[in-house]
Amino acid sequence: MKVVTGTKIVNGIAIGKIRIYRAPCYDIDDSLVEDTGAEVARFEQARGRVQDQQHVLYERALQSAGEDSAAIFEAHELMLDDEDLIDACKEIMLKQRHTAEYAVQEGFDNAAQMFRDMDDPYFQARSADVIDLRNAMLDVLLGNDTDSMQGTEPSILVAEDLAPSETVKLDKSLLLGLITREGSSNSHTAILARSMNLPTLIQCKDIADDWDGKFAILDGYNSCVYIEPTQDLIDSLTARRNKDLGKEALLQQLKGASNTTIDGKTIKVFANIGGPADVGEVQTNDAEGVGLFRSEFVYLNSKTDPSEDAQFDAYKRVLETLAPKQVIIRTCDIGADKTIDYMKLDKEENPALGYRAIRICLTRRDFFKRQLRALLRASAYGNLGIMFPMIISVREVRECKDILAECRHELESEGVRMGRIEVGIMIETPAAALCADELAEEVDFFSLGTNDLTQYTCAIDRQNAKLEPFSDTHHPAVLRLIRMTIEAGHRHNTWVGICGELGADKSLTETFLRMGVDELSVNPKSVLPLRKIIRSLDLSKPIGQALVQEQ
Amino acid sequence: MKEFTYTITDPVGIHARPAGLLVKEAKQFNSTATIIKGDKSAKATSLMKLMGMGVKQGDAVTVQVEGDDEEACAAAIEKFLKENM
């Protein structure tokens with residue numbers, strides 16, 4: 001057995017025979033021609049053909065990988081229309097009397113070199129696009145057959161590098177996985193592999209020609225490929241692969257299904273996210289919305305206090321991508337265990353009970369208003385909910401709402417477009433849970449933050465491992481506070497969700513549903529397993545034996 | 001001649017697809033539009049040269065438009081930049 005490592009693009013396992021994919025070799029003759037006009041005509045004819053091909057590839061990528069991945073083929077069509085590039089090629093044919101093939105090779109290679117010499121990795125990666133177009137032109141001019149290079153049985157394809165058009169042209173039913181020696185995670189091949197969810201390894205430097213036809217396992221989880229693996233490895237990775245397939249099957253089976261119990265009660269299952277990068281996970285796991293978008297990332301990823309515009313861009317991107325799904329963004333929850341230099345917060349004896357979250361926002365109005373203005377501006381692009389953390393009193397909620405209204409008026413007078421939003425609060429202190437009736441009159445929704453609620457109710461520091469023996473995540477006091485909050489919310493038409501870790505605790509799902517919870521917001525990977533449980537419950541039947549109760 | 005400056009907000013800068021669409025936009029007019037950044041410049045109808053300028057987020061570019069329909073052309077390009085880059 002041989003193990004070779006690379007950089008993974010997509011997790012997952014592919015098992016099968018290797019097929020080495022050899023790029024066609026172009027042997028271009030530098031002899032001179034008499035009829036230069038005929039060469040220009042051949043060039044123009046090939047250009048037309050390649051543009052048609054790129055258009056077909058665009059349509060195909062649109063189907064298999066979506067608009068973002070397909071866009072590159074649209075750009076290819078435009079590149080082929082570039083006047084400078086065409087003029088450079090024509091000059092080689094007309095003035096230097098070379099063949100169309102020679103002109104294409106020289107002209108396109110020069111353009112590729114320009115990109116290769118640039119500093120920015122995005123632009124450097126564009127050289128591959130130019131080479132891709134060059135090869136497509138040469139294939140047409142030389143009459144190469146590019147369709148037969150994949151063989152006839154499903155295999156793990158190994159290549160030096162793949163151009164975007166080569167990746168899209170590959171027959172998916174014959175493709176188990178992809179390994180390349182070159183490539184970057186910015187390349188379109190990587191992007192396409194991601195959107196097709198194809199196990200892929202790039203920068204695999206030790207690819208060898210003698211792999212052709214050998215049995216192998218591509219292990220995306222461990223970023224490596226095993227050539228002629230041992231039986232033990234085959235067995236364990238086959239089991240892992242089957243587990244993955246099971247998950248995919250679950251996804252297929254539950255995607256688009258509603259979170260409805262056997263007796264007909266439907267709740268929402270949302271996802272918790274930490275930034276725009278997690279949006280893909282929300283979509284692939286089919287969450288109905290985002291129940292907790294931690295806005296801390298905009299503060300933590302910045303060296304200075306982030307501007308209103310920078311925040312607006314990040315919020316807008318998430319809202320726009322997920323629209324019409326609801327996205328609930330929690331306002332700044334800095335302090336306690338999350339500190340930031342530029343905020344210049346004093347060191348405190350007892351930070352969990354200290355100057356944090358809404359307490360900072362209500363004393364640093366300008367800072368708070370920047371975030372609220374960014375949120376309101378972004379509300380025009382999707383379905384936004386705003387949620388205030390660490391609330392203990394009605395007075396605080398009213399103050400937050402006043403500042404929000406002030407921002408709204410300012411933006412209105414500036415002529416800024418805004419959307420309708422829901423306003424809610426986190427219930428994560430015993431004080432808020434006990435005052436839930438009064439608080440419910442002020443807001444559209446509650447979201448129970450069970451991690452802090454448990455820590456504050458039981459007086460157990462959640463970071464302190466020594467307290468482990470004393471902690472009980474199903475403590476009856478916490479469950480009672482949750483029930484009280486749900487009931488108080490419903491008395492005032494305020495919907496109630498859970499966004500803490502308890503929301504994903506499958507042993508509590510039935511308990512929460514019986515309490516009447518309206519929404520559970522969990523990490524994206526728990527969305528579909530939770531949907532499966534909800535669909536298996538029947539609340540009209542007597543309470544199950546294993547059910548966790550408050551008493 | 002019409003002239004204005006614009007600061008690129010797109011995180012990748014003037015990249016392939018919007019640059020291609022800008023070319024399409026610019027080709028609809030008789031006027032010649034030139035995009036200038038520092039000592040580099042490119043015609044708005046020249047895709048590779050535009051990309052070759054390596055314009056990044058936060059870079060300010062100057063746009064000069066000259067021709068019989070320069071008024072309309074400058075307005076169209078400014079609108080396009082605001083919406084796409």
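Start by selecting A:Leu375, which touches A:Tyr315, A:Ile329, A:Leu384 and A:Ile386, leaving aside residues up to four places away in sequence. Touching, or contact, is counted when the C-beta atoms of two residues, placed from the backbone, lie within 7 Å. This is a predicted model, in which local features need pLDDT of at least 70 and side-chain atom pairs count only at pLDDT 80 or more, while totals for chains, interfaces and linings use all residues. Residues are numbered from 1 along each chain as its sequence is written, and chains are lettered from A and ligands numbered from 1 in the order in which they are written.

**The cores**

A:Leu375 is among the residues with the most contacts inside the largest nonpolar core, which has 78 residues. A separate second core of 58 residues includes A:Ala61, A:Cys89, A:Phe108 and B:Val23. A nonpolar core here is a set of buried Ala, Val, Leu, Ile, Met, Phe, Trp, Tyr and Cys residues joined through C-beta atoms within 7 Å. A residue is buried if 20 or more other C-beta atoms lie within 10 Å of its own, exposed if 12 or fewer, and partly exposed in between, with C-beta atoms placed from the backbone. By that count, 42% of the 551 residues of chain A are buried.

**Two crossing helices in chain A**

Next select residues 308–322 and 365–378 of chain A, which are helices H11 and H13. Helices (H or I, at least four residues) and strands (E, at least two) are DSSP runs, numbered from the N terminus. The axes of H11(A) and H13(A) come within 8 Å and cross at roughly 40°. Axes are lines fitted to C-alpha atoms, for helices over the stretch in contact, and angles run from 0 to 180 degrees between N-to-C directions. H11(A) contributes A:Glu308, A:Gln311, A:Phe312, A:Tyr315, A:Lys316 and A:Leu319 to the contact, and H13(A) contributes A:Arg370, A:Gln371, A:Arg373, A:Ala374, A:Leu375, A:Arg377 and A:Ala378. These residues divide into six nonpolar, two polar and five charged. Ala, Val, Leu, Ile, Met, Phe, Trp, Tyr, Cys and Pro count as nonpolar, Asp, Glu, Lys and Arg as charged, and the others, Gly among them, as polar.

**The eight-stranded sheet of chain A**

Show chain A as a cartoon; it has 20 helices and 16 strands. Eight strands form an open sheet with mixed pairing, in the order S1-S8-S7-S3-S4-S5-S6-S2. Strands S1 (2–5) and S2 (7–10) of chain A stand at the edges with a single partner strand each, so one side of each is left without a neighbour in the sheet. Strands pair here if DSSP finds at least two bridges between them. From one strand to the next the twist averages 30°. Select S7 (215–219) and S8 (224–227) of chain A: they run antiparallel and are joined by four bridges. Within this pair, A:Ile217 has A:Tyr226 as its bridge partner. Helix H8 (231–254) of chain A packs on the sheet, touching S3 (13–20), S7 and S8 of chain A.

**A strand with both faces covered**

Which residues of S16 (519–522) of chain A are buried? A:Glu519 and A:Ser521 on one side and A:Leu520 and A:Val522 on the other are all buried. S9 (268–273) of chain A runs parallel to S16(A) and is joined to it by four bridges, with A:Ala271 opposite A:Val522. S15 (495–498) of chain A is also parallel to S16(A), through two bridges, and there A:Gly497 is the bridge partner of A:Glu519.

**Chain B**

Move to chain B, where four strands form an open antiparallel sheet in the order S1-S4-S2-S3. Select S4 (60–66) of chain B: B:Val61, B:Val63 and B:Val65 make up its covered face, and B:Ala60, B:Thr62, B:Gln64 and B:Glu66 the uncovered one. B:Thr62 is the bridge partner of B:Thr5 and also stands opposite B:Ile36.

Finish where the chains meet: 15 residues of chain B are in contact with 18 residues of chain A. On the chain B side, H2(B) gives the largest share, five residues.
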